[in-house]
Amino acid sequence: LEIECLQILLRNELRISIKSFEGHLAFYSHGDFYKKHIDQHITTRHRQISFVSYLNKSIGGELVIYNRENKNSIEKIVYPEPGTLVLFLSPIIFHEVKETISERFSLTGWFRDDLPLV
């Protein structure tokens, strides 16, 4: 229910055509990381807003957000803290997950501009 409320809020406040949600429980064990990337694929451009909601405190596994105009300049580092919610634009914000030292759990997902697959 909270995801639906957030979807409506984003659609109304940002005026973005959000029609569906895609998400998963992300688990990083010791040594896991994710290289710098954007979340919108070249062939399917439906991911509009990315989000990460941290479920536990972990050592390492920071989310590094890069500057919109300069993808080599760090804009923000977000440390995994339970209850922290991060939202960013899927097609233009480069980001990465640094190597984890302890287990890291998050709900990770995307608000999309296409209808859900049935």
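The model is predicted, so local features need pLDDT of at least 70 and side-chain atom pairs count only at pLDDT 80 or more, while totals for chains, interfaces and linings use all residues. Residues are numbered from 1 along each chain as its sequence is written, and side-chain values use heavy atoms, with hydrogens and water left out.

The chain has one helix and eight strands; helices (H or I, at least four residues) and strands (E, at least two) are DSSP runs, numbered from the N terminus. Starting at the N terminus, the order is α-β-β-β-β-β-β-β-β. Buried residues (under 20% relative accessible area, with exposed over 50% and partly exposed in between, 1.4 Å probe, protein chains only) make up 40% of the 118 residues.

A nonpolar core is a set of buried Ala, Val, Leu, Ile, Met, Phe, Trp, Tyr and Cys residues joined through side-chain atoms within 4.5 Å. The largest one has eleven residues, including Y28, V52, I65 and F88. Two or more of its residues come from each of β1 (20-28), β3 (47-54), β4 (63-66) and β6 (85-89). Apart from it lies another core of seven residues, among them L6, L10, I18 and F51. Contact means heavy atoms within 4.5 Å. Beyond its neighbours within four places in sequence, F88 is in contact with residues including D39, L63, I93 and H95.
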